[in-house]
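This report describes the pockets of one structure and the surroundings of its ligand. Please look over the sequence and the 3D view before reading on.

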Amino acid sequence: MITTAFSPAKVNLFLHVLGRRQDGYHELATLMQAIDLQDELIFELGGSGIRVECSDDQLEGGESNIAYKAAKVLFDHVSDHPGIKILIKKQIPIAAGLGGGSSNAATVLKTLNELFGYRLDQQQLIELATKIGSDVPFFLFGTAAWAFGRGERLVAAPNLPSLWLVLINPRFAVSTRDVYEGLNLKPKIPLTKEGIKFNIPEFSSVENLVSGLKNDLERVTLALHPILADLKKCLLKHGALGSLMSGSGPTVFGIFAEGKDALRAAAELGREDALSVFAVRSL
Ligand code: C5P
């Protein structure tokens, strides 16, 4: 039996680092929105063990792939070890700040849970997802969300406007760990269940959202790669209402008033050979 599932990317429309925790992670308040740039995952039941293959040479299949890790965490949890082959057809740029790997992991958890009838509920899947990576729980949540803690405490963000975005990825990878390390914060936030106080901004219109765009990680990634500041300006010159880096980067995005503006900007910016450019919509 063969099953296909789609695995969307995300952007962070707001990312505030509240501080460094004593476990080395950073306490976040971030607004995450899934977009219609998606990888395709093809699941084939049978054989023995977990086999992961990837269409993109830059990304290894096998045990080092986060999709393998997700399948293993799930099978270990339910003490079942069926044979499965997972082929990942990549569209989402790798190590790009778009959550591609995290999304693949979430899609594996959700799809295998359904395929094998394990009947884990959303909360149980989110708990497993937290073991795999900080952004994985978001992709199981189902709507745009504010993420707190490491990224695993989620609150729905239901009033967001639907968006047209243009993404520019400069075709180099950035290490999330290095970017967080580059903030150079002293560990001081104790691990408490409540986290620390943060007032969620109201982002119910495109204007509100654009005026509130913020990503504390830009300080590090833009200093390492000054071209990213130029790309943000480029998006504004091509009609974006606002622009920002997503996650730890290096992908930057612009928010556009209308689809036709985004499509035109993407066509113009896409003529540059060294860049991957995508016009996308929020999901
Ligand atoms: O959780 P994940 O493995 O995806 O995170 C990758 C790296 O990013 C972590 O090892 C950590 O260095 C950093 N990180 C962080 N604080 C977060 C999320 C990630 O410091 N909230």
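## The largest pocket

The lining of the largest pocket is made up of 16 nonpolar, 21 polar and nine charged residues, where Ala, Val, Leu, Ile, Met, Phe, Trp, Tyr, Cys and Pro count as nonpolar, Asp, Glu, Lys and Arg as charged, and the others, Gly among them, as polar. This is a predicted model, in which local features need pLDDT of at least 70 and side-chain atom pairs count only at pLDDT 80 or more, while totals for chains, interfaces and linings use all residues. Residues are numbered from 1 along each chain as its sequence is written, and side-chain values use heavy atoms, with hydrogens and water left out.

The largest pocket holds about 1,300 Å³ of space. Of the 46 residues that line the largest pocket, S102, G133, S134, T176 and R177 are the closest to its centre. On a 1 Å grid over the protein atoms alone, a pocket is an open set of points where a 1.4 Å probe fits, with protein on both sides within 12 Å along at least five of seven lines, and lining residues have an atom within 4 Å of a point.

## The ligand and its shell

The ligand sits in the largest pocket, meaning that more than half of its atoms lie within 2 Å of the pocket's grid points. Around the ligand are G24, Y25, H26, L28, G133, S134, R150, T176, R177 and Y180, each with a heavy atom within 4 Å of it. By class, this shell has three nonpolar, five polar and two charged residues. Strand 2 (26–45) and helix 5 (176–182) each supply at least two residues of the shell, and the largest share, three residues, comes from helix 5; helices (H or I, at least four residues) and strands (E, at least two) are DSSP runs, numbered from the N terminus.

About 290 Å³ of space lies in the second largest pocket. Of its 18 lining residues, A34, G142, T143, A144 and L283 are the closest to its centre. Helix 2 gives the most to this lining, with three residues.

Technical notes
Points joined across faces, edges and corners; volume = space filled by probe spheres on them.
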